Amino acid sequence: MSFMQEEKRPGKKKIKTTRVVNGLDVEEEVWVDDLEAPLFKPREECRLLGTRMKRVDGPAKLTGAAEYTSDVRLEGMLYAKVLLCPFGRAKVKIDAAPALASKGCVHARQLVDETKYLGQPVAVVAAATPELAEDALRALVVEYEPLPWVLDRGQALAEGAPEVRSRGNLGRPTEDGDAGEVEAAFAQCAVVVEQEYSVPVQHHVCLETHGTVVDYRGGEDAIVYCSTQSTHGIVGDAAESLGLRKAQVRGIVQHMGGGFGSKFGLERAGTLACEISREQKRPVHLMWNREAEFLTSGNRTGAWQRVKAGANKDGRMLAMSSDVERYGGIGGGSHAGLPYLYSVEKSLRKHASVYMHLDTNCAMRAPGHPQASFAMESVVDELAAGLGMDAVEFRKRNLNSPAHLRQLDRVAELIGWNEHPNRTAPGSVDGFEAVGIGFGCSRWGVGGSPVCQVDVRVMNDGSVTAEVGSQDLGTGTRTYLAAIVAEELGRPLDGVQARLGDSRMGNANGSGGSTTTPSLAPAVQDAARQMRGVLSVAAAEHFGCAPEEVVLDPDGARAPGGKLTWLELCALLPPEGASVRGTWQSDLAVSGVACTQAARVRVDLLTGRVKVEKMVCLQECGRPLNRLALESQIRGAMTQALSYALLEERRVDPQLGIALSADLETYKIAGSLEIPEFVALVDDDDLREGVAGVGEPPVIPGAGAIANAVFNACGVRLRHLPLTPDKVLNAIEERKSS
Amino acid sequence: MTVALRPTSLSEALDALGANGAVAVAGCTDLMVVDHAPARAHATVVDLSRLPELRGVREDSGGLWIGAATTFAELRESKLVRERFPIVAEMAGTIGALQIQNRATVGGNIANASPAGDSLPVWMALDAEVEIAGRSGSRRVPYDEMHRAYRETALAPGELIVGLRLPAADEALEQRFRKVGTRAAQAISKVVVALAARVHGDELHGLRIAAGSVAPTPVRLRAAEALVEGQPLTPDLAAAAGLAAAREVTPIDDVRSTADYRRFVLARTVRRMLLACQGGEA
């Protein structure tokens, strides 16, 4: 080998070592892991990473042993509850004295004089039991003076409408693009589609509602148990509400029943609990009920999207203009913008918020993206149909990333597109039922954040812990925290105890934007590799060899000089054991993951019911850490997208000013019988060494794919989610009569 | 403050129900929902779940007697019910989820009298009779006369449903049940239809079709029945009966569906169910 062409292997280095050959010492060069370079082991060498690992907290969750915030019970704890305003908007006058006089009630007060949105909390009570707190709520004497409200677009934009905010109910539009250029591009198009697409407000529907339990009894320290996506993020707000310093407050998030973007802070339930606890010097438990969850905890922005798009006869999209209204209640709403994902040569867009007396939107699993994707995937499909072009082929002509091109081919194959009769023209509305296939694509930025600090400790009795103040939202963070360390140290998965969800542990970012894994896993690997270095040095001293020559495997440590069991190896450590702290490594996190989905539906042409029979998803994720968790994330996202497509919609009565869907009876989400055959695949053609989170990308394209599949089945285009049977049936009847 | 009473005999229960504002409960699956709202608590609840007089399923002169406190889970599991009235077992399996079926009772579903109550059209189609007890004695009411207006039944204040009598069913009795909800399970009906008839060749005799969620009360679809009764059943006739059904109901728009959709789907459901009686399109 010429030294001019020095070979390089990622994560490896060459060292000189001495070997005895035929009684002679021979010096030779060998490749060993570079203990200074915290890369993951090569995929083919891994025992744990990249396999399907059951979550380490599965048994605790299955048996009910896992303690969620709502489960926390403390001696002397008070239960707090809130009263919600039943009107779109009202002045409020409350006599709290009868509540305070009711049995067990120690705290009752009015929260606002005038509400800003439907369902706003107007009073809070705290009592010795949940039932006594309910009684105290009933005992409040409340006078409402309803004020004019605006709960839909028509009311908000009507002449003389009551103002949600001082600058009017229509926000100032943002516009970009050159109208002249776009007009000229439309003139070159062989097909032009101009349509309106709408999506309703969707709820997060976390299984665990928002809530906090505060353990404060006066004095200098408080523990705040919170259902949150950010263990470290709640400490400041809690300290302020408790009148303490940040260093006096400890946040605990052991198990989380989902957040989906709605739980980044302490939230209203948490500040109220802290305020009551501060006053009473007693622990306080305050969990939202489902009604409060649906009316006051944020949601996915609704949107109305007027889109005009055109393509030339070769299927290239040349022009698009879009006019989008965002419905984010008292908030501005969120929308990812059009064109979305696909490249269009010239585009013009206009966005504006319409404000209403409903709670503000907030982040929700790919905020703003599913809305834009639904309109974009629909219009893409309409253009393909207008040209009589295969929907997969049309997409490939308008997507730039090689990942999407190969994913489309694979997904098309897995869903049965190549044998499907309706590839260039949809089926008919005759007969009893029709089967169709639709597609959708997405991309997500991901990227990691450099804040995580992971502590790995090995005791001289062989016990191992990995800890960081991050949180596991139910996604499997705890499992890879243990697995990465176990992989590097040659331990079994249950040989490492993962600890998280405590703000006294090392720093971690909030779980949003699918960034938990690319922020945390590199720091875990860094710590794991450092610990391997520490153990290798200890073993090397024992064997009299170089640290790099030590191999850690399930049997313990081995080197040219001999073997040690794991316990023997750890016994070499000092009595206090060894500890290291890992930090973020940028080359272990990837940015940008592509996702492609397909759905096959069966449309009942007599009742309009759409049954999704199969969904396929191929998702890039860089290097997969735990396939089971990844597949579970992808299935969950597809379930949520299916539910968005077919069932979910916040409903209010704008005339009466009341909520119509503030419970799970009237706001239906997909149940087990709606779940199709899922094919959830990690894209193994993504060979990047870094890791990515995939909570968000697979939730984006599903609704568009399902609507496209309905069109493909029977030629009816549904442009307004959810695709309820009445809309489907109306469209079928329209097509029959045209 | 709500007082809960747990009588151990029918006469004790009737005495307890004589009190002002007293309400009878068994599974509490409706009452717990209603009483969750502030200021909606009942003064006295009378728990009927321990009354031996209200429990069980047994033979009754060729037909069946079903106690009012029988749960839907018990209906589902009862061999007698499954053999003789398969649509009763089928219907019981569509009420809520298993937890609800374990608690909710036949009598509760009738007394709650929701127009969307899934059991009600079944009792109507099967020509059931309701056994009612009061302090002044007991009486029987044909199911057709049980529901008088929106959430209003033939029960007088202080009266209790003791049980239901289903007339004898032979093997020629064709029974059909179909529920259309927002999703496949755990959904309140948009349209629910039950049908019973005796098949003679290509004709249906003694046809009874009843529907829920399409009017303020569960209703018999008499116009549809009259078209089909004793006539050779053809696809055209079945379709005409479906349309007749759609014309004779008065559904509303609500959070679950629209009046138009309910009419439309009722027509198609009735048509399908009729043709299914002859082994046709299901």
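**Interface of chain A and chain B**

Across the interface of chain A and chain B, the rule finds three salt bridges. The model is a predicted one, and the count between the two chains is eleven residue pairs in polar contact, both residues being at pLDDT 80 or more. Chain A and chain B bury about 2100 Å² between them, with 56% of that area on carbon and sulfur atoms.

**The side of chain A**

- The contact draws 24 residues from chain A and 25 residues from chain B.
- R138(A), L606(A) and K668(A) together supply 26% of the area that chain A buries against chain B, which is more than any other three residues supply.
- Two helices of chain A, α3 (130–139) and α17, each supply at least two residues of the side that touches chain B, and the largest share of that side, five residues, comes from α17(A).
- Sorted by class, the side of chain A that touches chain B has ten nonpolar, three polar and eleven charged residues.

- On α17(A) the contact is made by P725(A), D726(A), L729(A), E733(A) and K736(A), while on α11(B) it is made by Y261(B), F264(B), V265(B) and R268(B).
- The residues of this contact between α17(A) and α11(B) divide into five nonpolar, no polar and four charged.
- The side chains of R268(B) and E733(A) meet in a salt bridge, at 3.4 Å from N to O.

Key: Residues are numbered from 1 along each chain as its sequence is written. Chains are lettered from A and ligands numbered from 1 in the order in which they are written. This is a predicted model: local features need pLDDT of at least 70, side-chain atom pairs count only at pLDDT 80 or more; totals for chains, interfaces and linings use all residues. Side-chain values use heavy atoms; hydrogens and water are left out. Contact means heavy atoms within 4.5 Å. Helices (H or I, at least four residues) and strands (E, at least two) are DSSP runs, numbered from the N terminus. Ala, Val, Leu, Ile, Met, Phe, Trp, Tyr, Cys and Pro count as nonpolar, Asp, Glu, Lys and Arg as charged, and the others, Gly among them, as polar. Buried area is the accessible area (1.4 Å probe) that two parts lose on being put together, summed over both. A salt bridge is a side-chain nitrogen of Lys or Arg within 4 Å of a carboxyl oxygen of Asp or Glu. A polar contact is a pair of N or O atoms within 3.5 Å; within protein, one must be able to donate a hydrogen and the other to accept it, and residues adjacent in sequence count only if both atoms are side-chain atoms.
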